[in-house]
Amino acid sequence: MTGDDRLEESESAEPRFREPVTDGGERSSSDRRSGGGAAGADGEGSEIPRADGGAVDDVALDPWGSSSVSDYRKLFEEFGIEEFEDILPEVPTPHYLMRRGVIFGHRDYDPIARALQNGDPAAVLSGFMPTGDPHIGHKLVFDEIIWHQRRGADAYALIADLEAHSARGLSWAEIDEHARNYLLSLLALGFDPEDGELYRQSTNREVQDLAFELGIEANFSELGAIYGFDGETDVSHMQSVVTQMADILYPQLDEPKPTVIPVGPDQDPHVRLARDLAERMRFFKVSEAYASFELDDEERALVADFHDRLDPADFDDDDLRCVHVAEAIEGTPLEDLGVGADALGSLLTKLEEAGMEPVRPRTRFFDRRATDEAFDALIAAIDGEKRVYESHVDAFDLDLDEAAELAREIEVENGGYGFLPPSSIYHRFMTGLTGGKMSSSIPASHISLLDDPEDGYDKVKAATTGGRETAEEQRELGGRADECPVYELYAYLLAGDDDEFAKRVYDECVGGERLCGDCKEQAAQLMKEFLAEHQEKREEVADLLEEADIELESPRAR
């Protein structure tokens, strides 16, 4: 869930064209273009370069490792990340990172989009592991937090100091220095500390208490399977994972609400675990059911299929019963059922044991960890026909959405959390300026937000490009903007909210009109201006940081 000092970046940008979405977002003076750039673009009838949308190169997604992503499309297949492009039309005034496909994927962003559209409660949270200077890769996350805040979401930004200390071995003094720099850049870019919350893991008692409760629902085998932890992994590192789960769910402590976590794809294991733990902490599991006994997902789908196929009028008493469904399934070739023999055998046993029990659709409230008071309150709150069993209640007049809302309401009223599974959005990594991966250990490959503006200029001027061998070839064949770290700088940062400018740079490059020398000169000047303006703003917001409700110096042992 954190942006760290590795800057794990992709090897190619692979931008693609798509129809732009006109953005009504705010512009700062840094969004004004010079040296051939356009003013605002209205997006009318134009296309903008966008990135293709995750699998990793034969390694697991690892929040602390060296994952690199060369084909983002595989993330959709291998990890279940959804394409952001599909939900983009539902997002009000989308950020340019969304419009250009830099934000390429999501998990369950739909509730966030609806909340932003309707002005309903929502939250955004992301964390930063202070292991070095903030850099242009971190700016992506800063911008995503600020964009959601400006559209009404409660905004949280945290310093993952416990993770930095346990997983990276940084001293508390080092952490304090880096944390201050991260926070200054976040405020300089527009985070409103009066309308949001800044905190550090080590001093937030609510987060630590929640982590303790979440730890009851997690175990070592699970952490080992997700993160590769083994007998050599220290306990503090494992504890930092559970703390991050508490961070992700922290915005919902006051009330359940859709919460989005903007991260790179290497942080997806944290999001998946947090979604699982959010469900496990719930008092009730709400699902469809067809009889008094419990079915797994595969079994339930098969029973639902035969319930829809079979006509109760075909049976003696005009009732469809478990034995009838069992007989129909047994009379169907296995290859037509789409389940394995073992799963089929288990289902048939359940149906045959239930015998003449009617098969009727109902909504089930399964007791996961509810108190007796909450279970009784749920029973009393269900209107209409219902059946009460030892560990679940079946309601026949409630649909799933109504039941889910009722379950959450009863849970919260009786001291539970009522967590909604957190959502996430995933942005592409940036290519290093020298080609290959961007790395904090290679200063020339990345640009720190603290770099002297002249140094930023020089780094861009020295950057690798996607240009041809000669100017003649460039004019004849066009440049390879899709493989160019300098073009990425335009798309990710330097073009700001100006889609027309980003499109023109791309078109001129691939059309052979734009040569690399001039292109790098323009980018270098824009980077120099951005760094100078950003660092001036950092000085302006220093007082804001001092006044913010966050401890800048750790009270822990130095």
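Modeller: The crossing of α12 and α15 is right-handed, meaning that the near helix is turned clockwise from the far one by less than a right angle. Helices here are DSSP runs of H or I, at least four residues long, numbered from the N terminus. The model is predicted: local features need pLDDT of at least 70 and side-chain atom pairs count only at pLDDT 80 or more, while totals for chains, interfaces and linings use all residues. Residues are numbered from 1 along each chain as its sequence is written, and side-chain values use heavy atoms, with hydrogens and water left out.

Helix α12 spans residues 297-309 and α15 spans 341-354; their axes come within 10 Å and cross at roughly 65°. Axes are lines fitted to C-alpha atoms over the stretch in contact, and angles run from 0 to 180 degrees between N-to-C directions. From α12, Glu 298, Glu 299, Leu 302 and Val 303 meet Ala 343, Leu 344, Ser 346, Leu 347 and Lys 350 of α15, where contact means heavy atoms within 4.5 Å. This contact has five nonpolar, one polar and three charged residues. Ala, Val, Leu, Ile, Met, Phe, Trp, Tyr, Cys and Pro count as nonpolar, Asp, Glu, Lys and Arg as charged, and the others, Gly among them, as polar.

Helices α9 (220-227) and α11 (268-280) pack at about 150°, with axes 10 Å apart. They are therefore roughly antiparallel, the term for angles over 145 degrees. This crossing, too, is right-handed. Glu 222, Leu 223, Ile 226 and Tyr 227 of α9 touch Pro 269, His 270, Leu 273 and Arg 280 of α11, giving five nonpolar, one polar and two charged residues.

Between α20 and α21 the angle is about 175°, again with axes 10 Å apart, so this pair is roughly antiparallel. Tyr 487, Tyr 490 and Leu 494 of α20 meet Phe 501, Ala 502, Val 505 and Tyr 506 of α21; the contact has seven nonpolar residues, no polar and no charged.

The second largest cavity holds about 100 Å³ of space. A cavity is a set of points on a 1 Å grid over the protein atoms alone where a 1.4 Å probe fits but cannot get out, and lining residues have an atom within 4 Å of a point. Grid points are joined across faces, edges and corners, and the volume is the space filled by probe spheres set on them. Of the 16 lining residues of the second largest cavity, Thr 465, Cys 484, Cys 509, Cys 516 and Cys 519 are closest to its centre. The elements giving two or more residues to this lining are α20 (485-494), α21 (499-510) and α22 (516-540); α22 gives the most, with three. By class, the lining has nine nonpolar, four polar and three charged residues.

Conventions:
On a 1 Å grid over the protein atoms alone, a cavity is a set of points where a 1.4 Å probe fits but cannot get out, and a pocket is an open set with protein on both sides within 12 Å along at least five of seven lines; lining residues have an atom within 4 Å of a point. Angles under 35 degrees count as roughly parallel, over 145 as roughly antiparallel, 65 to 115 as roughly perpendicular and the rest as oblique.
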